[in-house]
2 protein chains.
Amino acid sequence: MRIGIDIMGGDYSPGAAIEGSLLAQKNLPEDTEVVFIGNKQVINDYCNETGIDISSFEIIHTAHAVGMGDHPLKAYKKHPDASIFLGQKLLKNKNLDGFCSAGNTGAMLVGAMHITTPIPGVIRPGISSTVPNLSGNDSIIIDVGLNPDARPDVLYQYGMLGSILSSYVFHIEQPRVSLLNIGVEREKGNLVVRSTYQLMDQNDDYNFIGNIEPNSLFTADNADVLVCDGFVGNIVLKEAESFYKLISMKNVCPDSFEMFNFENFGGTPVLGVRAPLVIGHGISNAKAVKNMINTTSQMVEAELSEIITEKINM
Amino acid sequence: MRIGIDIMGGDYSPGAAIEGSLLAQKNLPEDTEVVFIGNKQVINDYCNETGIDISSFEIIHTAHAVGMGDHPLKAYKKHPDASIFLGQKLLKNKNLDGFCSAGNTGAMLVGAMHITTPIPGVIRPGISSTVPNLSGNDSIIIDVGLNPDARPDVLYQYGMLGSILSSYVFHIEQPRVSLLNIGVEREKGNLVVRSTYQLMDQNDDYNFIGNIEPNSLFTADNADVLVCDGFVGNIVLKEAESFYKLISMKNVCPDSFEMFNFENFGGTPVLGVRAPLVIGHGISNAKAVKNMINTTSQMVEAELSEIITEKINM
């Protein structure tokens with residue numbers, strides 16, 4: 001298995017990406033190779049300066065990179081061979097089995113739509129993340145930002161994508177799929193959510209358990225998959241981030257809340273595209289990069305894209 | 001000033017409402033009277049049992065009450081004189097200057113639309129709440145559940161209602177009104193939020209400062225008013241509730257996070273109706289009821305409904 005990593009992406013590149021790759025390599029199976037995509041000169045300079053030995057890594061060179069503040073589509077038109085796009089081309093041509101980047105999220109998504117491309121039958125891909133839970137059984141939330149205006153049929157499919165991720169990557173049997181809502185009754189919510197409830201109710205594709213309100217989001221083990229549009233999902237994640245900031249600033253037992261530390265998070269899979277793609281948080285440190293590479297390898301291992309292709313067209 | 005309180009509403013009625021009224025009475029100005037709306041028999045039984053002296057309170061009797069699980073509109077049709085509706089009738093007839101209830105939120109809102117009624121010119125009333133902030137400068141969030149499908153013109157007006165509340169009740173000069181969004185750039189968000197940005201930008205009615213992401217919601221003093229639709233606002237509040245549960249369950253310094261304890265919250269004003277109405281959380285304890293009565297009295301004092309009537313039609 002060959003996992004490509006965008007060495008130029010993220011607030012702490014190239015250091016976090018290089019050091020995270022070294023950490024990841026230690027625990028990955030022998031037949032799994034981490035491939036660097038980036039500027040050879042920049043990579044070698046960093047390693048010479050820090051004395052890090054990366055002789056066991058293949059480097060695929062490109063002189064270009066997308067900056068964190070660059071306009072995604074303009075960047076793609078100007079430098080279609082920038083590392084974040086080149087990685088996806090290599091993925092598409094099967095030179096890589098999975099690809100991850102902590103770089104410009106918009107650019108990653110432009111690549112997801114134009115290079116990696118959606119699986120036929122998937123209306124709109126989505127990005128998922130993890131919601132920590134006191135019980136230890138974290139849930140998956142989908143979508144967390146790709147589609148701020150998701151229609152009911154898209155939300156219905158998110159239930160399916162989330163259920164497949166939960167069952168094939170996190171090995172949950174019959175994942176409990178719920179709709180994130182402002183009340184538990186079926187008539188609660190906005191128009192889109194109420195229509196989605198009707199589509200999800202008694203469906204044959206996955207185990208829909210109804211609406212979940214977020215007032216026990218972190219404490220009650222109620223659901224394995226939470227479905228919402230990308231606007232709401234992104235708000236939920238960012239509010240959780242603010243909570244962790246508050247805990248850290250108050251300096252009260254932050255260790256107990258380490259599960260909320262998004263710096264350590266291993267990236268969010270793009271679900272519904274033809275090959276494994278994982279987006280890391282811009283602020284990813286080496287540990288987060290290690291976890292992101294692991295998540296990518298788990299997705300390849302689980303043959304997630306193949307399973308989604310099969311199930312979505314059943 | 002006469003403040004009516006629904007003694008029959010809330011999970012801990014009539015006890016919390018009666019005891020909260022006694023607490024409130026101690027700090028209210030002498031010319032402010034708290035009036036009980038509810039079943040005289042139930043009230044007297046409770047006071048006889050507990051030895052509480054309520055001889056200084058006027059009781060306006062009604063035999064009916066809306067249960068927390070009752071269907072709001074059906075309840076209104078069946079018992080239009082139930083305490084939560086009777087209070088609003090007395091308010092409308094100027095027998096009361098303000099009214100509050102920790103009872104069935106849906107019933108309170110049915111009353112708001114059919115009895116108290118919206119101020120002419122207000123497209124849709126909204127309900128606001130407080131977002132605690134580490135700086136001590138809490139913000140107002142509007143709407144937190146009344147309109148899960150708010151249109152851009154409604155959100156625009158929410159900016160105005162929030163700004164008036166912030167300036168006339170919380171005495172903030174030139175309140176900073178922001179749009180709760182998933183990015184700071186103007187082109188970020190869903191269709192409704194993007195259109196709202198265009199309406200709010202460079203408006204003459206209030207001080208719009210742009211988009212705010214919730215990742216510093218509790219830690220950065222960025223805005224005085226956060227505008228969002230009732231779906232998103234309700235999700236934000238309930239997620240905050242979940243944090244507090246988590247903190248309490250982990251038992252790590254919960255005192256530091258008392259600002260998140262919604263049991264103490266003094267209710268959420270319904271903005272845009274013809275007279276001061278405040279809705280309390282169902283789980284309100286006596287302290288919360290006291291705060292709810294205080295909030296109602298502040299709204300009456302500030303002549304909020306009159307100011308909104310004037311400003312909205314300027």
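How far apart do the C-alpha centres of domain 1 of chain A and domain 2 of chain A lie? The separation is 27 Å. Please bear in mind that this is a predicted model.

Let me state the boundaries. Domain 1 of chain A comprises 1–119 + 272–302, and domain 2 covers 123–261. Where the two domains meet, domain 1 of chain A contributes nine residues to the contact and domain 2 of chain A contributes seven residues. On the domain 1 side, α5 (105–116) and α9 (286–301) of chain A each provide at least two of the residues that touch domain 2.

I turn now to strand β6 of chain A, residues 139–142. With which strands does β6(A) pair? One is strand β5 of chain A, residues 126–131, which runs antiparallel to β6(A) and is joined to it over four bridges. In β6(A), A:I142 is the residue opposite A:S128. Another is strand β9 of chain A, residues 225–227, which pairs with β6(A) in the parallel sense over three bridges. Here A:L226 in β9(A) stands opposite A:I141.

Finally, are the faces of β6 of chain A covered or open? Both are covered. In a regular strand, side chains alternate between the two faces of the sheet. In β6 of chain A, A:S139 and A:I141 lie on one side, A:I140 and A:I142 lie on the other, and all are buried.

How values were computed: Residues are numbered from 1 along each chain as its sequence is written. Chains are lettered from A and ligands numbered from 1 in the order in which they are written. This is a predicted model: local features need pLDDT of at least 70, side-chain atom pairs count only at pLDDT 80 or more; totals for chains, interfaces and linings use all residues. Domain bounds come from an automatic or database domain assignment. A residue is buried if 20 or more other C-beta atoms lie within 10 Å of its own, exposed if 12 or fewer, and partly exposed in between; C-beta atoms are placed from the backbone. Two strands pair if DSSP finds at least two bridges between them.
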